[in-house]
Amino acid sequence: MDKIPILRMGAFLLVTIQVDLYDRLALNLEADLVQMVNKTNAKGVLIDISAVSIVDSFMGRIIGNIASMSRILDAETVVVGMQPAVAITLIELGLPLKGVHTALDMERGMNFLKTMIDVEADDDDQDAADYDSIAE
Amino acid sequence: MSFNTHKLLQKKKKNILELWMKNQLADEGLREDLISNEELRSQSEELINALVGNLSSENFTDLQSEEWSPVIEILGGIAITRARQGFSPRETGNFVFSLKEALLDVLQQEITDDAMTLFKESLKINRLMDNLSVVTFETFIKGREEVILRQTDEITEISTPVIRVWDGILALPIIGTLDSARTQIVMENLLQEIVETGSSIAILDISGVPAVDSLVAQHLIKTVSATRLMGAECIISGIRPEIAQTVVHLGIDLSNIITKATLASALAYAFKVMRLEVRKAAVVGKF
């Protein structure tokens, strides 16, 4: 059976969807991805959908679901490379994918995640520093 | 008693053409600026040849029959060309009506002794030519409609240019009302251009939009959301005070869309997001 590979790259997970998704495949991807996020403790997920030319409301919902699930698991999701036709379809279906970050291409998506994670890391440092100062 | 009008007309083809041309040239509505006399003559000759050549006693009044299709085709062709060239309906109508006159004149010259036959045959020709003029008019109007449709297409095409104002910044000035069809075109053009140029910011300038109602606002929001899905940011600029008033009165929520009053401030914001700085150059000697 077809499977969409999930690649690990540092603190991020890369998902490149190279085929048109059908429902079963999308559901499997959803399950695999949350498992993978949990296992690798990833901080960010990049989903490249530049090869996807057809979406329906179900697919739109799955993408939204994946993003929400990853966020609960403390990983930000960025959807990159959406095609114009796909974007228009999602909007017409009334699925603006609120809460999902988007980027034009892989590179920008990666940069976005990096700045995002950096900010979070800085916050953690700050918290640690505060804690240290209180402890002193 | 059988009088063969079609045979007579076939015999008198030359006469008819001459008479018809004379009628047409004498008509004060003659448009020499749109069509040359030679061209008019060849058009007329072609039509007469087809018309007279296809006449027979059976099909005289039955325009549905097969034999008429070449005539109708030629007539349709002439009507469409005339519509494109900008002839008025009256001029196009006169083209066919002057042929009827020519036909009736010839008939009158030939049938001098029998008033009854003349009347009958005239009636037949009348009916035939009336049918033909209806066909001409239908095609003429169809031609005009095609012209109008093409112009509409051209207007929509022209009125939605996507401008690259800076590396990575696109601007799209919208002029005129935004309806669903236009929003679709605007959206497609903008998204396509975003992909092609890899731009991360798009500015939608609506200073040319006369009024914003809830439908237009909805279209704007759709465009902004679609841009966001692509991974670019969309700014709406050029909001006039009256439009701000209507939007708030209508209760439209634009709070999660970046709006700026002018294109300039939108551009300034875009520069800030891209961490670009515009500065006055230090004066170094004379330019």
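Which residues of H5(B) are buried? Before selecting them, keep in mind that this is a predicted model, in which local features need pLDDT of at least 70 and side-chain atom pairs count only at pLDDT 80 or more, while totals for chains, interfaces and linings use all residues. Residues are numbered from 1 along each chain as its sequence is written, and chains are lettered from A and ligands numbered from 1 in the order in which they are written.

Select residues 89-110 of chain B, which form helix H5 (helices are DSSP runs of H or I, at least four residues, numbered from the N terminus). The buried residues here are Thr92(B), Phe95(B), Val96(B), Ser98(B), Leu99(B), Ala102(B), Leu103(B), Val106(B) and Leu107(B), buried meaning that 20 or more other C-beta atoms, placed from the backbone, lie within 10 Å of a residue's own, against 12 or fewer for exposed and in between for partly exposed. Centre the view on Phe95(B), where H5(B) has a kink of about 25 degrees, the angle between axes fitted to the seven residues ending there and the seven starting there.

Next, select the side of chain B that touches chain A, where 15 residues of chain B are in contact with 14 residues of chain A (C-beta atoms, placed from the backbone, within 7 Å). Helices H7 (180-197) and H8 (214-230) of chain B each give two or more residues to this side, and H8(B) supplies the largest share, six residues.

Finally, select Arg108(A) in helix H4 (residues 106-135) of chain A, which counts as partly exposed because it has 18 C-beta neighbours inside 10 Å. Leaving aside residues up to four places away in sequence, Arg108(A) touches Ala103(A) and Gly231(B).

How values were computed
Contact = placed C-beta atoms within 7 Å. Expected span 1.5 Å × (residues − 1).
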